[in-house]
Amino acid sequence: MNKEQLRNTANAMVQKGKGILAADESNPTCGKRFDGIGVESTEMNRNTYRDLLFTTTGMEEFISGVILFDETLRQSTISDNAPFPQYLSGKGIIPGIKVDKGAKELAAHSGEKVTEGLDNLRERLREYYQLGARFAKWRAVITLGDGIPTQACIHVNAHALARYAGLCQEADIVPIVEPEVLMDGNHSIETCHEVSQMTFTKVFEELDKQSIYLEGIVLKPNMIVSGMECSDQAGIEEVADRTVECLKATVPTDVPGCAFLSGGQSNEKATAHLNMMNTKHGDNLPWNLTFSYGRALQASALKAWSGETENIQDAQDAFYQRAKFNGMATTGTYSEELETEMA
Ligand code: 13P
């Protein structure tokens, strides 16, 4: 394990002013996104769409790294056939790879999931490193509901995250450790706070037990928000305050940064929440707070594109704008007025 390399990569991923683009939708998930705009999810269409995102002029001002799916890591730019990992590295953007095999039903625990993908992971990571990946992602999912999550679900997911993280570091690949407490449901923000705190605590216990080098990881947490169907939706400041409080209570100071998932928040909310955290608390935090958004960076671009070549420039403009606003949110310099001024 090359600690210096891991530390440098992790620090570059969460540097101020920038964040991570999650473009690692599996083929079925990409299919769902494409269904929304009436585009067929073929290998060529997926290549065209990812090409559109990655060739956006100036994205490197705000994007430090891109998470790719296995298929995308092996694809190339349309115009000059440059493999995506090399193309991104050439722009100063670190290529990453989703390595989990998805969240599957947890045996004997109805409604709960455990993420799979540890089998042969050591060999897969070796190949991914050769292909240019310098960080990886593994997403664990914690569902809220009647009587769930159970301790068992939190435990097995935290354990798998730590096993994955150890294998990544052995391969000189920075693990993004992603425990996602889902927004789905009618639970209150208090419940999200309580479950997230329990989950993140358990994750760091497992990382510690399995001797993970914390300076060489990036945490990808959910924010502390009200459930999507909760009638009482917490405001921006409460989300920011609770999220920071929860992270301070659970995330060791050795961790270089937390890069949030957007998890179904609207584009504007995802940006405003991150901005508020950095405006109000940014000077007093031991780690950087940034983004690793999928939907909140891509939704407007996807809609603008709608599968039409003549819309590519508009789609790139939409993506650039979200990347820029979120980049500003990492330094607390975004304001909601920008949304209407630039519309
Ligand atoms: P969202 O921002 O759409 O939640 O996606 C982030 C991600 O990578 C989930 O694993």
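Biologist: How much space lies in the second largest pocket?

Modeller: Rolling a probe the size of a water molecule over the atoms shows where empty space is left. Here, the second largest pocket holds about 190 Å³. A pocket is an open set of points on a 1 Å grid over the protein atoms alone, where a 1.4 Å probe fits, with protein on both sides within 12 Å along at least five of seven lines; lining residues have an atom within 4 Å of a point. The volume is the space filled by probe spheres set on the points, joined across faces, edges and corners. Keep in mind that this is a predicted model: local features need pLDDT of at least 70, side-chain atom pairs count only at pLDDT 80 or more, and totals for chains, interfaces and linings use all residues. Residues are numbered from 1 along each chain as its sequence is written, and side-chain values use heavy atoms, leaving out hydrogens and water.

Biologist: Which residues line the second largest pocket?

Modeller: Look for Met183, Val225, Ser226, Met228, Gln233, Ala234, Val239, Gly264, Gln265, Lys269 and His273. By class, that lining has five nonpolar residues, five polar and one charged. (Nonpolar covers Ala, Val, Leu, Ile, Met, Phe, Trp, Tyr, Cys and Pro; charged is Asp, Glu, Lys and Arg; the others, Gly among them, are polar.)

Biologist: And what about the largest pocket: how much space lies in it?

Modeller: About 950 Å³. Of its 38 lining residues, Thr29, Arg33, Lys98, Lys137 and Arg139 are closest to the centre. The lining has 18 charged, 11 nonpolar and nine polar residues.

Biologist: Which residues of helix H9 are buried?

Modeller: An α-helix has 3.6 residues a turn, so residues three or four places apart point the same way. In H9, the buried ones are Val239, Ala240, Arg242, Thr243, Val244, Cys246, Leu247 and Thr250. (Buried means under 20% relative accessible area, exposed over 50%, partly exposed in between, with a 1.4 Å probe and protein chains only. Helices are DSSP runs of H or I, at least four residues, and strands are runs of E, at least two, numbered from the N terminus.)

Biologist: How many aromatic pairs does the structure hold?

Modeller: A pair of aromatic rings is described by the distance of the centres and the angle of the planes. This structure holds eight. One of them joins Phe62 and Tyr320, edge-to-face at 5.5 Å centre to centre and 70 degrees between the planes. (Rings of Phe, Tyr and Trp, with its six-membered ring, pair if their centres lie within 6.5 Å; under 30 degrees is stacked, over 60 edge-to-face, the rest tilted.) Phe62 counts as buried because its relative accessibility is 12%, whereas Tyr320, at 24%, is partly exposed.
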